[in-house]
Amino acid sequence: MPLNRKIAFINLSSGDVDIKPIPLEVRKRFLGGRGLDAYLLYNHTKKGCDALGPDNALIISGGILTATCASATARTHIMAKSPLTDLLGSANMGGFFAPELAWAGFHHLVITGKAEKPVYIYAHDGRIDIRDAGHLWGKTTTDAQWAIREELDDEEIKSCVIGPAGENLVRYANVMTGIKNAAGRTGMGCVMGSKNLKAVAARGTLDIKIAHPIEALEYNKRFIDQITSAKVNQTQGTLGTPFIWGATNSWGGLRTRNFQYNQCEYADDIEPERLDEIAEETIGPHHMTGCFACQVHCRAQYKIPTGPYAGKYDEGPEYTSQGAFGSLPDCTNAETVLAGNHLVNQYGVDNLEIGSMIAWAMELYEKGIITDKQAEGLDLSFGNDAVVLELVHRICMRDGWLGDTLADGGIPAAEKIGKNAFDYLIQVKGMNNLHSDERATPALALNIATASRGSDHLRSRPAIDLYHLPEPVLRKIYSNPVPYDGPISSEHTAYDGKAWQVFWQENCYMAVDCLGICKYHTVFLGATLPNFEDWPKVIYYNTGLELTSNEIWDIAERCNMIERLFNLREGLSRSDLKKGDMLNHRYFDEPCRRGAPDVVGRVIDREKFNRMIDDFYAHKGLDENGVPKPETLKRLGLENEPSQLL
Amino acid sequence: MEKVLMIDHEKCTGCRLCELVCAVKHDGISNPVRSRIRVVKWEADGVYIPMSCQQCQDAPCQIGCPVGAISHDEELGRVVVDYTTCIGCRTCVSVCPFGAMNFNTVDRKVIKCDLCDGDPQCVRFCEVKAVEFVNAGDVSILKKREAAQRLYAAENRSAAIHSEL
């Protein structure tokens, strides 16, 4: 049974391991994956705990459907207090790790303490071992994974690991599995590094009995047909996420030169079609690969064609690497995007964050805020490809004053650099935004402002807002399973009804993160993909758990509220520029300079933005300061948190 | 008409959905050790190769079985294990040249591809058609067509190069 997967509490200071079942009562309240992780984090950390101290809890999990006969249950979720934001840390990745962990008997690992010397955790068939990792320390993310397989003489082992960036406590180091699957955001790799934890390896041969196998199999087939018939997924399966870059750049939604432009010019060499050509030339016609049990296969394989890294095999680049090593620093060479992608994968660092930090440093240099002395001989001019790649090395190795400073994350770095450096940092809650520009899209601006892990598109972005879908279609999607009769608008530049869309997406994405499935299998980029009405059956057939659409909605709302409770406990406040639901002033003050006619000249209207926040808080049952009302906590059954059920 | 699994590893994305549905179809359980088809990977090079039973004509498993538990099912073109006779000695596992005869360590019995009695689930679920179920006599003609297509494409490319010169 999926529901008999266990939770292991692992204390790296004492070496104690405590393995427990997950009570059904807890499942019904938090399901699994990210939702249950949020509950565990809130219950297993204390207010103000040091993100890099032994008291921080690092939680690694699969979802309730992981490795069952449902579509694309590949996601691994990682949660801890973030060393980048000092608020909620949370990151999610595909690949093959979470299913292996489930076959090994576990859904959640709660890791506390700090090992005296480098170790790795090995979860296998109901057991947890803590093993020496002295020989793995210093290795790149892939070398470390292959070394674990060699040491344990088992090619089927799946590991999530940190690279040198995590070891060097780069505040936005990630956790990786496979070639390029990355739990990228909020510095979860830095937390692993702080615990002297190089890797978590898993190998499992334990049965996961499907509650109703024939129905699960047939429903999965229906699901897959629904998912693969969506045009957006067919495009993903051909070009990967880069296709988003092409579309977004054409209408003017990409941060360029940090935040000075919203469209990258002369970028033919990094357009999705060009990257696809390189993949075809270096790998062959069948160069797309996928995560566990997924038929979207959105990940390209490639070899770097030219330059100092010529011949290196890697996967991607994603939309995010096109931004990080393309539009943000205004570098328009495919070689830089592909090499940058390779370097971040090997070092184990968040491509979004490092790309944003580099572009920010370049703008500061242009403005004379970073001096030549601080630049340490580097010409930080926009479009300087070699310097961008050099900075990746310096940041990940904390090499020199500039590398070390930028490795600390935006807010600490702004203090060290001085002057008004902070004003140019495109961040929310201490985490940089990805390379998208939300000035023309209020819904998307509200999403990044209120996302629980800091500026981020994968917590609540109503991406379908860009499609100008007819109002009845939008109303149908956004009235399920909870009726909504407020305003709704097909216009992506409008403010009306956007707060509800963001609220709905927040619950939708929380639900899939609890299930452990990928967001390409729900209403994210495609309007026809499965959502609340489809999940009760897939949950029932696979686990036997009977939940209605409304109950799943309630669970998602509850889990989102736990994340908010955590953030409030750690200092979140509505309008705080560094710890609030607030955007950088540039969103309100600097008009878009390029793009489509309905984009040029756009800014976010401060007053309307505040009203969206008011509405969003009202939908969530928060007061005007963003604090849950007592009746909201009562409705969600959260009035007694922390409740220590686990 | 006899049909066979035709595997084109170049098309395989390595997702292992075939393993999942194979195990669930046969045993109602998700567990790769129960799957009759397995995707062998060289991840560092991005190479994924699905491996399953070839349903050999002169099957070493059948020839080697000391109790005669393995036979050829002419109708469906498959090699089958009779579990009432099988003693679980695993001779078939050791002689199979493809590693396609598996030993399920949970139920402690040998398992192999039975073509799902004519409706292989690995084929049904593989959208990229890395695994297909085709008439036994058509495999070579399909491969000929693909090879010819490559030749044709190469010829066109070389013609383009010549015209540029």
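I began with A:Met79 and found that A:Ser90, in strand 5 of chain A, stands opposite this residue. The model is predicted, and I read each entry with that in mind.

I then looked up the pairing of strand 4 (residues 76–81) with strand 5 of chain A: the two run antiparallel and are joined by six bridges.

I found six strands in an open sheet, ordered 2-1-6-3-4-5, with mixed pairing. Strand 2 (17–21) and strand 5 (88–93) of chain A each have a single partner strand and stand at the edges, so one side of each lacks a neighbour in the sheet. From one strand to the next, I recorded an average twist of 15 degrees.

I checked what packs on this sheet and found helix 2 (residues 33–44) of chain A, which touches strand 3 (58–61), strand 4, strand 5 and strand 6 (106–112) of chain A. The direction of helix 2 makes about 20 degrees with that of strand 4 of chain A.

I turned to the two chains. I found 33 residues of chain A in contact with 25 residues of chain B. On the side of chain A that touches chain B, helix 7 of chain A supplies the largest share, six residues. By class, I recorded 18 nonpolar, twelve polar and three charged residues on that side of chain A.

Strand 13 of chain A and strand 2 (residues 29–30) of chain B run antiparallel, joined by two bridges. Here A:Lys209 stands opposite B:Ile29.

Definitions and conventions
Residues are numbered from 1 along each chain as its sequence is written. Chains are lettered from A and ligands numbered from 1 in the order in which they are written. This is a predicted model: local features need pLDDT of at least 70, side-chain atom pairs count only at pLDDT 80 or more; totals for chains, interfaces and linings use all residues. Two strands pair if DSSP finds at least two bridges between them. Helices (H or I, at least four residues) and strands (E, at least two) are DSSP runs, numbered from the N terminus. Axes are lines fitted to C-alpha atoms, for helices over the stretch in contact, and angles run from 0 to 180 degrees between N-to-C directions. Two residues are in contact if their C-beta atoms, placed from the backbone, lie within 7 Å. Ala, Val, Leu, Ile, Met, Phe, Trp, Tyr, Cys and Pro count as nonpolar, Asp, Glu, Lys and Arg as charged, and the others, Gly among them, as polar.
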